[in-house]
Amino acid sequence: MTEQPKNNDNKPKLSAKERMALPRAQMPERDATIRSRNFEEVNTGLTEEMAILEAQRCLKCKNRQCVEGCPVRVSIPEFIGALATGNIAEAVRVLRKDTALPAVCGRVCPQETQCEEKCIRAVKAKPVAIGYLERFVADWAMNHPAETHETLTVTPTGKTVAIVGCGPAGLTAAGELARLGHKVSIFEALHDTGGVLRYGIPEFRLPKEIIDKEVAHLGELGVVIECNVIIGKTMTLEELRKDYHAVFIANGAGLPMMLNIPGENLKGVYSANEFLTRVNLMGAGQVADSTTPIIQGDNVAVIGAGNTAMDCVRTARRLGAKRAMIIYRRTEAEMPARKEEIHHAKEEGIEFVLLTAPLGVVGNSENWATGLRCQKMALGEPDASGRRKPMPIEGAFEELPVDVVINALGTRANPLLTQTAPDLKLNKWGNIEINESTATSIKGVFAGGDIVRGGATVILAMGDGKKAAGAIHEYLCGL
Amino acid sequence: MFKVLSNEILAPELHKLVVVAPRVAKARKAGQFVIVRADVGDERIPLTIGDADVEAGTVSLFIQAIGASTRKLVAIQAGGFIRDVAGPLGLATHLENYGRVACIGGGVGTAVLYPLVKGLAQAGNEITTIIGGRSAPYVILQKELGALSKNLLLTTDDGSLGVKGFVTNVLKELMSNPETCPKAVFAVGPGPMMKAVAEMTRADKIPTIVSLNPIMIDGTGMCGGCRVDVGGEVKFACVDGPEFDGHLVDFDLLRDRLSTYKDQERRALDRCSADKCKIGRS
């Protein structure tokens, strides 16, 4: 009995015209009613058949606009090209060469404003579903370890690099530097890896298992991760400089910005960081009898409309909220969150209370939050950012009954490391200043991610990690 | 994993654990704390570093077994391991020579006070230490604090040891005499005790430092759960504290926020008892 090569089975033989006529793949999703009450991943991923068909839609442009749109410059047409021929192992190789966290990016990147926005297919039809394909290839690699095992052939350089923070920027830089033969140690302040990927992004958007596997892969490349080490407290930057040839600071954003409205310290008022950390990192409310407690509100108001706000409100819904609301002073058009997140939130029964600004949290005699006093707004003239400025409508107030309020306004720079590194130049917001090649004011010390940018996205942090790794490599070669 | 070298019972439900954590031992200063997680899946809880031995690479943690998580910790015997110990966190105590100071410890707060007294003694202060407890078995570290202090005064609520009554009674007496009146007061203990001390020293404007114990998760400023009101300003106890000017602290808010999870904590303890779990029970 002769066996047909598997690759040929999956490769549809389509004419150019047929390929152009293919509709964009639809991401299979769990039913909204059911998923809004559990933490299972919302998007279930393309099947192999769907992925290979979708890959046929790529025109493999010579002028790779999609790559220009990607902060880590993934070789998009190349990995999709390999996938289109059914050679998924090759697609894995291409992808891994450019990104340390493809399974993460494939899930949480805002492709619609990056690679997919630049896709030439978007002119006449819909862009190639690059994100879905990246996720498919990365997940396939995780499920086929034997076929995708990577052994480093690079000669060790004997150079050592300390990375501060095990989030997207740190992990990306670690992967890049390890592949270049440098010995990398990551120091993480929390007890587990992943940084914001673990404490910030909920299980239903990025399962923890995915982070574990991506991190494990870096371990195979020789990256060592030490948890419970807070640089600036357990050890100083100066100590790291003495012990390592180079340092990359990627300790992330830190302190939550406060609402600065009355009632902020009532019980039931959380920062997004606290709420998400309790649930995501500590498992509060996700497992029966979780040791870390959380207030599971019936009526939850989340202030803000970015991705973090969406994560909070959808988490609150899953914890059992009857009414989970986004409170935003502008309209849906101005919301900074990804379209997909807003769409998913709506499907899950999230209410959007728009043109509404919080004035204060109201409490009962035992100081539990019971209401959110709000000012109704109207959009005025466009401001400097081009967005129409929300203006209060005189006399228009509303009090929403709530028992939990979550502030998702954003974060400011974490001072723990910088406090104990007086030579490190900061900007007026406390973020680390870097030059165009990610170098800080201290020789051999580089920085990237949110500690430089303020609050940004996973992919921008990864882009910084990749850029910094290049600069660090150049620096190490010159030593 | 952090090895527990010894586990000693100092008072009913109050244990002293000596834990191997060389980096923390080397970096810590008086007044700082660690975040500890007994095992995978357990809560992160803040514990003051009572003492450290840089040579041996160890820190001493004083743990009062009041909830499910602390009971689990004190059940770890010598030779066992604590999963996570992260620190040192918080700002170190500002140590200077005030001259004559009073250091007041209530209950487990006395253990938190110990490194402060040690530091203040090294800075050359003349120290009167007041230790308060419910009854005689709850008065801890007499020997250690006595060795560092010029005077050691004890109080118990029931009069079973030292003066019957509260630490504030003794402080009042010290303050009434210009010869003994402290130039600064350090108070660590339950909120109501620290509040009473701060109220007593307010009129005479005696600088009064208290160490706060709000609920924390990460301990690095990330979550803001430990926020306290100090002089009308929001401060994070984990990065701006844990020590603050006692005259500016809103103790009522602290007490209130500490009660956030009391229902959940009670349920966790009930579960613990229902499982016939006797951990931490001496």
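Contact here means heavy atoms within 4.5 Å. On that rule, 42 residues of chain A are in contact with 40 residues of chain B. The model is predicted, so local features need pLDDT of at least 70 and side-chain atom pairs count only at pLDDT 80 or more, while totals for chains, interfaces and linings use all residues. Residues are numbered from 1 along each chain as its sequence is written, chains are lettered from A and ligands numbered from 1 in the order in which they are written, and side-chain values use heavy atoms, with hydrogens and water left out.

The size of an interface is often given as the accessible area lost when the parts come together. Buried area is the accessible area (1.4 Å probe) that two parts lose on being put together, summed over both. For chain A and chain B this comes to about 3500 Å², with 54% of it on carbon and sulfur atoms. Three salt bridges are counted between the two chains, a salt bridge being a side-chain nitrogen of Lys or Arg within 4 Å of a carboxyl oxygen of Asp or Glu. Glu226(A) and Arg23(B) meet in a salt bridge through their side chains, at 2.7 Å from N to O. There are also 20 residue pairs in polar contact across the interface of chain A and chain B, both residues at pLDDT 80 or more. A polar contact is a pair of N or O atoms within 3.5 Å; within protein, one must be able to donate a hydrogen and the other to accept it, and residues adjacent in sequence count only if both atoms are side-chain atoms.

On the side of chain A that touches chain B, the elements giving two or more residues are strand S5 (253-256), strand S6 (269-271) and helix H17 (272-281) of chain A. H17(A) gives the most, with four residues. Helices (H or I, at least four residues) and strands (E, at least two) are DSSP runs, numbered from the N terminus. By class, this side of chain A has 19 nonpolar, 13 polar and 10 charged residues. Ala, Val, Leu, Ile, Met, Phe, Trp, Tyr, Cys and Pro count as nonpolar, Asp, Glu, Lys and Arg as charged, and the others, Gly among them, as polar.

Within chain A, the assignment gives domain 1 (6-148), domain 2 (160-254 + 411-477) and domain 3 (258-407); such bounds come from an automatic or database domain assignment. The C-alpha centres of domain 2 and domain 3 of chain A are 30 Å apart. Their contact takes 14 residues from domain 2 and 12 residues from domain 3. Between them, about 1100 Å² is buried, and carbon and sulfur atoms give 56% of that area. In domain 2 of chain A, Tyr199(A), Phe204(A) and Arg205(A) lose the most area to domain 3, together 49% of what that side buries. Arg205(A) also forms a salt bridge with Glu341(A), with the closest N and O atoms 3.3 Å apart.

Chain B is divided into domain 1 (2-89) and domain 2 (100-211). Taken over C-alpha atoms, the centres of these domains of chain B are separated by 24 Å. Domain 1 of chain B places 13 residues in contact with 11 residues of domain 2 of chain B. The two bury about 1000 Å² between them, 71% of it on carbon and sulfur atoms.
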